[in-house]
Amino acid sequence: MSYTYDDQNIFAKILRGEIPNKTVLETEHTLAFHDIYPQAPIHVLVIPKGPYVCYDHFCQTASDAEIVDFTRTCGKVCEMMGVKDGGFRTIANAGENAIQEVPHLHFHILGGRNLGRMLAPAE
């Protein structure tokens, strides 16, 4: 998988302040905001502020401080949104087969209802 970062993607524009967002939490290295097309009653996107295409790119090249901040921010968002007790799903798509639509690492945190099976059983 190529890790060529496109600085014109929608999340890069959000990080530069060119596109508004409904912020849930912002830290030194991470931004969490409500998805504009929510797929559940709670649907928050969590993105690192650095130019990372997908999770493996982030894990291999981000600083320890970025990794810790991103991970802890995901946990804080779950607590803030009240999904810890009822359960939630975290999704990060990577690449063409996973239908990654924005080439900037982002975690979807979804909750607030029964989310059903994650995937259909393999054939």
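Helices here are DSSP runs of H or I at least four residues long, strands are runs of E of at least two, and both are numbered from the N terminus. With that in mind, welcome to the tour; please remember throughout that this is a predicted model.

**Stop 1: the whole chain**

How does the radius of gyration compare with that of a compact globule? For 123 residues such a globule would come near 14 Å, and the protein has 14 Å, so the two agree.

**Stop 2: contacts and surface**

Then colour by burial: buried residues amount to 39% of the 123 in the protein.

While the surface is up, select the charged side chains. You will find 10 positive and 15 negative ones, with the centres of the two sets 8 Å apart.

**Stop 3: the aromatic rings**

Hide the surface and select the aromatic side chains. The whole structure holds 6 aromatic pairs. Zoom in on Y52 and F58 to see one geometry in detail: their ring centres are 5.2 Å apart and their planes meet at 80°, and since planes over 60 degrees apart count as edge-to-face, so does this pair.

Are these two residues buried or exposed? The cut-off for buried is under 20% relative accessible area. Y52 has 8% relative accessibility and therefore counts as buried; F58, at 1%, is buried too.

Now widen the selection to Y52, Y55, F58, F70 and F107. Ring pairs link these residues into a cluster.

**Stop 4: D56**

Finally, select D56, which you will find in helix α2, residues 55-61. Its relative accessible area is 30%, so D56 is partly exposed, a class that lies between the 20% and 50% limits.

How far apart are D56 and E26 in space? The C-alpha to C-alpha distance is 22 Å, for a pair 30 residues apart in sequence.

Notes: Residues are numbered from 1 along each chain as its sequence is written. This is a predicted model: local features need pLDDT of at least 70, side-chain atom pairs count only at pLDDT 80 or more; totals for chains, interfaces and linings use all residues. Side-chain values use heavy atoms; hydrogens and water are left out. The radius of gyration is taken over C-alpha atoms; the globule rule is 2.2 Å times the number of residues to the power 0.38. Buried means under 20% relative accessible area, exposed over 50%, partly exposed in between (1.4 Å probe, protein chains only). Lys and Arg count as positive and Asp and Glu as negative; His and the chain ends are not counted. The place of a charge is taken as NZ of Lys, CZ of Arg, CG of Asp or CD of Glu. Rings of Phe, Tyr and Trp (its six-membered ring) pair if their centres lie within 6.5 Å; planes under 30 degrees apart count as stacked, over 60 as edge-to-face and the rest as tilted.
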